Amino acid sequence: PPAISQSGFSFGLGGGFIKDLPVNSRRNIGFGAGLGYGFNNYYFNVRFDFEDPDQEPLNSKIMLHVVELPLEFRFRTSTATRYKFWRFYPGFKISYVFGENLSLGRSIDFDVSDVVEYNDFLYGLTFSGGYNKWNIHVYYGLNDLLTNTKENDYEFAITDFRIGLVFYVF
């Protein structure tokens with residue numbers, strides 16, 4: 001939205017396990033299902049008094065703690081004995097937000113829950129691809145990160161888009 005802009009570099013970190021379920025004897029096509037933990041920091045500038053254009057935006061941060069459930073289709077150039085291979089893993093991830101922190105640039109007198117709420121469940125499309133242990137990972141959220149409250153009729157409509165690295169250890 002016009003009153004909100006990203007400030008700084010937002011980042012996140014996650015870890016977990018994915019069980020590989022091959023569907024053919026060559027073991028190069030399969031499915032993956034997993035469980036993980038992640039936290040994501042979102043840095044932004046926001047003006048809470050939208051009527052006052054001279055109000056200085058606050059440097060703020062939202063940190064979300066999530067339990068993640070990834071599901072992937074797995075295509076690779078591997079064999080049962082060859083562990084260095086190309087991989088292409090499109091998928092879907094559901095995340096449950098179990099904790100959140102909000103940090104405002106300075107203290108102001110209002111209740112944050114009157115302005116915004118978090119979606120408890122976040123979901124989106126994923127893609128991991130690369131060679132051997134080093135892989136690119138992309139996530140595109142399909143639902144809004146934040147929701148409006150009854151007291152706030154301003155449309156936030158913020159979705160999540162992440163690009164990073166994923167390391168496959170085993």
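**View 1. Salt bridges across the model.** Five salt bridges turn up here, where a salt bridge means a side-chain nitrogen of Lys or Arg within 4 Å of a carboxyl oxygen of Asp or Glu. Side chains of opposite charge can pair when their charged atoms come close. Keep in mind that this is a predicted model: local features need pLDDT of at least 70, side-chain atom pairs count only at pLDDT 80 or more, and totals for chains, interfaces and linings use all residues. Numbering starts from 1 along each chain as its sequence is written, and side-chain values use heavy atoms, with hydrogens and water left out.

**View 2. Asp20 meets Arg74.** These two form a salt bridge, with the closest N and O atoms 3.0 Å apart. Asp20 sits in strand β2 (residues 11-22) and Arg74 in strand β4, so the pair ties together parts that are 54 residues apart in sequence. Strands here are DSSP runs of E, at least two residues long, numbered from the N terminus. Asp20 is partly exposed at 24% relative accessibility, whereas Arg74 is buried at 6%. For those words, buried is under 20% relative accessible area, exposed is over 50%, and partly exposed is in between (1.4 Å probe, protein chains only).

**View 3. Arg74 and Glu72, and the network around them.** Arg74 also has a salt bridge with Glu72, at 2.9 Å from N to O. Glu72 is buried, with 7% relative accessibility. Through salt bridges that share partners, Asp20, Glu72, Arg74 and Arg76 join into one network.

**View 4. Lys93 and Glu68.** Here the salt bridge has its closest N and O atoms 3.6 Å apart. It links distant parts of the chain, with Lys93 in strand β5 and Glu68 in strand β4, 25 residues apart. Both ends are buried: Lys93 at 8% relative accessibility and Glu68 at 10%.

**View 5. Ser78 in its loop.** Ser78 lies in the loop between β4 (58-76) and β5 (86-103), and is buried, with a relative accessible area of 3%. The Ser78 side chain reaches the backbone oxygen of Arg27 at 3.4 Å. A polar contact, also 3.4 Å, joins the side chains of Ser78 and Arg76. Polar contact means a pair of N or O atoms within 3.5 Å; within protein, one must be able to donate a hydrogen and the other to accept it, and residues adjacent in sequence count only if both atoms are side-chain atoms. Setting aside neighbours within four places in sequence, Ser78 is in contact (heavy atoms within 4.5 Å) with Arg26, Arg27, Asn28 and Phe85.

Methods. Helices (H or I, at least four residues) and strands (E, at least two) are DSSP runs, numbered from the N terminus.
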